[in-house]
Amino acid sequence: MAEALAAPAPVGRTLSPGELVTTMAHFHRAEILRMTGWRDRLDRTSNWAITVVAAMLSVSLSTASAHHGVLLFAMLLVLLLLWIEARRYRFFDVYRARVRQFERHYFAQIFSPQPDFASDWLLVVGESLRTPKFLISQRAALARRLRRNYIHMLLILLLAWILKLSTPSLLTEGVRIDFVSSVREVVAGAALGPIPGLVIVVLVAAFYVGLLVMAFMTAGDDGELSFGDVHV
């Protein structure tokens with residue numbers, strides 16, 4: 001009965017110091033490759049967003065026949081790419097955290113030992129391998145990518161949209177280059193089909209206020225990002 005209740009013996013054999021070092025080196029290399037793969041996906045999505053912004057700006061501001069709704073459509077496309085990149089960032093963050101744990105707890109201790117530096121980081125890595133889980137929420141990932149890259153692209157689109165509405169020569173062909181004389185004209189020019197311009201302006205303003213709140217009113221960086229300034 002006592003034998004039946006005894007804890008099961010660990011599977012496999014204990015590694016020698018040389019085998020352990022080899023295992024750690026190969027595992028670290030594998031995590032670097034996975035992190036690099038997801039980092040490449042992040043860059044690819046950002047490049048798509050930059051291409052969208054450049055193309056839509058060229059189409060909208062090059063001729064008066066281009067509707068200002070092109071820029072609104074560009075905002076939605078960039079928002080979609082932001083959502084996709086935030087999802088990819090959550091995967092990237094898992095592998096980046098493992099790599100940083102190796103660097104901070106293992107390699108840093110080899111190059112610059114600290115006698116009082118102790119951590120159960122190997123247990124954390126082991127549990128992450130046994131049961132992989134995201135370390136941040138989709139909202140936190142959105143805030144990070146918005147703060148790092150996408151807020152600049154979206155602000156450029158907003159400025160271009162305001163320029164489009166406030167310059168009659170960019171709305172109607174044959175009009176001399178000048179600016180509108182009142183805010184009422186800008187609001188009237190923002191109409192989109194049967195939707196009044198005031199409604200469009202309010203929706204765009206609410207959209208950007210929400211983005212700014214999400215980007216700058218969220219909790220600060222934590223986890224491995226709280227150590228040092230070099231991170232994505």
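The following questions and answers explain how several features of this predicted model received their descriptions.

Q: Why is the contact between Arg-39 and Asp-43 called a salt bridge?
A: The side chains of Arg-39 and Asp-43 meet with 2.7 Å from N to O. A salt bridge requires a side-chain nitrogen of Lys or Arg within 4 Å of a carboxyl oxygen of Asp or Glu, so the contact between Arg-39 and Asp-43 qualifies. Both residues lie in helix α2 (residues 17–62), four residues apart, about one turn of the helix.

Q: What makes Arg-39 and Asp-43 partly exposed?
A: Partly exposed residues fall between the buried range, under 20% relative accessible area, and the exposed range, over 50%. Arg-39 has 27% relative accessibility, so Arg-39 counts as partly exposed. Asp-43 has a relative accessible area of 32% and is therefore partly exposed as well.

Q: How do you know that Arg-44 forms a salt bridge with Asp-40?
A: The closest N and O atoms of Arg-44 and Asp-40 are 2.3 Å apart. Because the limit is 4 Å, this pair is a salt bridge. Arg-44 and Asp-40 both lie in helix α2, four residues apart. Arg-44, with a relative accessible area of 41%, is partly exposed, and Asp-40, at 37%, counts as partly exposed too.

Q: How many aromatic pairs does the structure hold, and why is the pair of Tyr-89 and Phe-92 called tilted?
A: The structure holds nine aromatic pairs. The rings of Tyr-89 and Phe-92 have their centres 5.9 Å apart and their planes at 45°. Tyr-89 and Phe-92 both lie in helix α3 (residues 69–111), three residues apart, and both are buried.

Q: What makes the pair of Phe-207 and Tyr-208 edge-to-face?
A: The ring centres of Phe-207 and Tyr-208 are 5.2 Å apart and the planes stand at 90°. Because planes over 60 degrees apart count as edge-to-face, the pair receives that name. Phe-207, at 22% relative accessibility, counts as partly exposed, whereas Tyr-208, with a relative accessible area of 6%, is buried.

Q: How do you know that the charged end of Arg-41 sits over the ring of Trp-38?
A: The charged end of Arg-41 is 4.3 Å from the centre of the Trp-38 ring. The distance limit for a charge over a ring is 6 Å, so this contact meets the distance condition. Arg-90 likewise lies over the face of Phe-134, at 4.1 Å from the ring centre.

Q: Why is Ile-195 called partly exposed, and where is its place?
A: Ile-195 has 35% relative accessibility and therefore counts as partly exposed. Its place is in the loop between α6 (183–189) and α7 (197–216). Together with Val-199 and Leu-203, Ile-195 forms a nonpolar patch on the surface, with about 240 Å² of accessible area together.

Technical notes: Residues are numbered from 1 along each chain as its sequence is written. This is a predicted model: local features need pLDDT of at least 70, side-chain atom pairs count only at pLDDT 80 or more; totals for chains, interfaces and linings use all residues. Side-chain values use heavy atoms; hydrogens and water are left out. Patches are made of residues with over 30% relative accessible area and no salt bridge: like charges are joined within 9 Å, nonpolar side chains (Val, Leu, Ile, Met, Phe, Trp, Tyr) within 5 Å. Accessible areas come from the Shrake-Rupley method with a 1.4 Å probe; for residues, only the protein chains shown count as cover. Helices (H or I, at least four residues) and strands (E, at least two) are DSSP runs, numbered from the N terminus. Buried means under 20% relative accessible area, exposed over 50%, partly exposed in between (1.4 Å probe, protein chains only). Rings of Phe, Tyr and Trp (its six-membered ring) pair if their centres lie within 6.5 Å; planes under 30 degrees apart count as stacked, over 60 as edge-to-face and the rest as tilted. A charge sits over a ring if NZ of Lys or CZ of Arg is within 6 Å of the ring centre and within 35 degrees of the ring normal.
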